[in-house]
Amino acid sequence: MFCLQDFFLGETDGKLMKLFNFNKSSGLYTGDGSVDISGKPVLKQNTGNWRACPFILGTECCERLAYYGIATNLVSYLTHKLHEGNVSAARNVTTWQGTCYLTPLIGAVLADAYWGRYWTIAAFSTIYFIGMCTLTLSASIPALKPAECVGALCPSATPAQYAVFFFGLYLIALGTGGIKPCVSSFGADQFDDTDSNERVKKGSFFNWFYFSINIGALISSSLIVWIQDNAGWGLGFGIPALFMGFAIASFFSGTSLYRFQRPGGSPITRMCQVLVASCRKWNLEVPNDSTLLYETQDKASAIEGSRKIEHSDELRCLDKAAVVSDAEIKSGDFSNPWILCTVTQVEELKILIRMFPIWATGIVFSAVYAQMSTLFVEQGMVMDTSIGSFTIPPASLSSFDVISVIFWVPIYDKIIVPIARKFTGKERGFSELQRMGIGLFLSVLCMSAAAVVEINRLRLARELELVDQNVSVPISIFWQIPQYFLLGAAEVCTFIGQLEFFYDQSPDAMRSLCSALSLLTTALGNYLSSFILTVVTYFTTAGGKTGWIPDNLNKGHLDYFFWLLAGLSIFNMLLYVVCAKKYKQKKAG
């Protein structure tokens, strides 16, 4: 790139830069700009890589056990303890889960701009732990516990009981905001992008990261759910709180082994600067020769913690932000980023815009995924949950989703990837986009399987004349296993593919933000699910009709709702294929 201004460094900074460049060229130190907790360059052999990952994976496993210990059976607590209806409980669960995936935007901005990923995780983990303890108290202290039902009479919880419960619940949602967007990125930071061997290992890390998530989820959806249903909710919430404490301890234990990336300043501010600068120079022509656009002459980018990004020919209107005007040449002042931006800064915004269509197609998939903790559970409540004298909590069927993930992750990583690599020539077997597409197809099969199960359940209810009775139908809950298993396989492809895609394709200084954006699809998917539930309930109950999802599901048509989601998933998959074909990969400078 043609540079119109030297990027001046102070004497001290200049020495540090020379030292860093020497360290990088020697091969003993990382080449991606990572440092230790004191801000010094790190030796490859002593830090990062798989030696640091057990602490991060342990943190994620314990934190996910804590989260799913609340989320998996939350709809049961709302219906049986707070005495809410099916639609109200499902709406509250999906709204809370949506918030859990919306707050990561807060944590991501703090991590990328100011605190770095390590300290963001540390601060928000504390908030998370306080929320877990509050929730435990709300289910343990008699004055905070809702009154039990007396026969068919179920008194509503008091406003104070609601307030304490939901205060703890939403403290957890805030706490997740600093953990979700940072832990996966922080783990991936332990692998040097400039080292081909470590780069391959990073792809494997995302698989085992998701594996750790599901180990925690498996314990929650089986043991913790059983404890909640049989030993009490105080203990059932207290154990996840304890594991959240273990998560914090595990995270801090690996501090001396971690590699850290410096925060690069507010990504939102940089994006706004590009928009403002391009608008200010709307009348200027963008030169055909991209080397005439403004960029620093140094090998490193002007953005802290970021490498340069090559210019792309898309969205040339934004290139106006990097056009140097005659007035700037005369004054020699190129320091105001609200008037003149570097090519790398412009390309950051272009990358986010290019990723947007891929990002948007993840929303419908997340709406499908949200059914696992809501309508799948409610469907299971009206099925036969007994095996002899033992009763299976309906929410514990989600363990088959987890088992599916645990089954498919090692098979994908150790068998499918090596085989696919021989045919595709790609380091990771399939590209991230191909992997996500496979997951979207499997989500269609998942919703179809759920609809078929419901059709057969309703048929049996009619044959046994149980339609007008709000009772379980004698069809085994294990018929739900295929839908859970298909959803688990879809997760392995889509969610892990998203983790890889949004980390690899994001600008270096925006990785937490892009991870948060990938999580935002889950939030919007939950909100979409709530919205669809509301709309379906409104139209199907018009004129005094029973509706698709009444409190007595034997009188409803839950199968219609599942077919509706299957249809949306097919449309979403076709749209995704079009967007994926047009997507252009990021090129580092």
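Leaving aside neighbours within four places in sequence, with which residues is Pro474 in contact?

Reply: This is a predicted model, in which local features need pLDDT of at least 70 and side-chain atom pairs count only at pLDDT 80 or more, while totals for chains, interfaces and linings use all residues. Residues are numbered from 1 along each chain as its sequence is written, and side-chain values use heavy atoms, with hydrogens and water left out.

Once neighbours within four places in sequence are set aside, Pro474 is in contact with Asp384, Leu460, Leu464 and Leu466; contact means heavy atoms within 4.5 Å. Pro474 is placed in strand β4, residues 473-476. Strands here are DSSP runs of E with at least two residues and helices are runs of H or I with at least four, both numbered from the N terminus. With 51% relative accessibility, Pro474 counts as exposed: the class requires over 50% relative accessible area, buried means under 20%, and partly exposed lies in between, with a 1.4 Å probe and protein chains only. Arg457 is 17 residues from Pro474 in sequence, and their C-alpha atoms are 8.4 Å apart.

Residues up to four places away in sequence aside, Thr361 touches Leu440, Asn572, Leu575 and Tyr576. Val402 belongs to helix α14 (residues 399-424) and is likewise buried, its relative accessible area being 4%. Val402 and Lys320 are 82 residues apart along the chain, and 49 Å separates their C-alpha atoms.

Next comes the nonpolar interior. In soluble globular proteins, nonpolar side chains tend to be buried together. The largest nonpolar core has 145 residues, of which Trp96, Phe165, Ile358, Phe376, Phe561 and Phe562 touch the most other members. Helix α16 (residues 481-504) gives the most to this core, namely twelve residues. Such a core is a set of buried Ala, Val, Leu, Ile, Met, Phe, Trp, Tyr and Cys residues joined through side-chain atoms within 4.5 Å. Beyond its neighbours within four places in sequence, Phe376 is in contact with Gln371, Cys446, Met447, Ala450, Gln480, Gln483, Tyr484, Leu487 and Phe562.

Trp96 is also among the buried residues of helix α4. Eleven of the 15 residues of α4 are buried, so this helix is largely enclosed by the rest of the structure.

On the surface, Ile37, Tyr114, Trp115, Trp119 and Phe252 form a nonpolar patch with about 570 Å² of accessible area together. Accessible areas come from the Shrake-Rupley method with a 1.4 Å probe, and for residues only the protein chains shown count as cover. Patch residues have over 30% relative accessible area and no salt bridge, with nonpolar side chains (Val, Leu, Ile, Met, Phe, Trp, Tyr) joined within 5 Å and like charges within 9 Å. Helix α5 (residues 104-138) supplies the largest share of the patch, three residues. Tyr114 is found in helix α5 and is exposed, at a relative accessible area of 54%.

Charged pairs complete the account. A salt bridge is a side-chain nitrogen of Lys or Arg within 4 Å of a carboxyl oxygen of Asp or Glu, and by this rule the count comes to 17. In one of them, the closest N and O atoms of Arg64 and Glu60 are 3.9 Å apart. These two residues are separated by about one helical turn, because they lie four residues apart in helix α2 (residues 49-71). Both Arg64 and Glu60 are buried.

Arg259 forms a salt bridge with Glu198, with 2.9 Å between the closest N and O atoms. This pair links distant parts of the chain, 61 residues apart: Arg259 is in the loop between α8 (233-253) and α9 (267-280), and Glu198 is in helix α7 (residues 196-230). Arg259 and Glu198 are buried as well. In the salt bridge of Asp413 with Lys414, the closest N and O atoms are 3.9 Å apart; Asp413 is buried at 11% relative accessible area, whereas Lys414 is exposed at 56%. Finally, a network of salt bridges links Lys44, Asp192 and Asp195.
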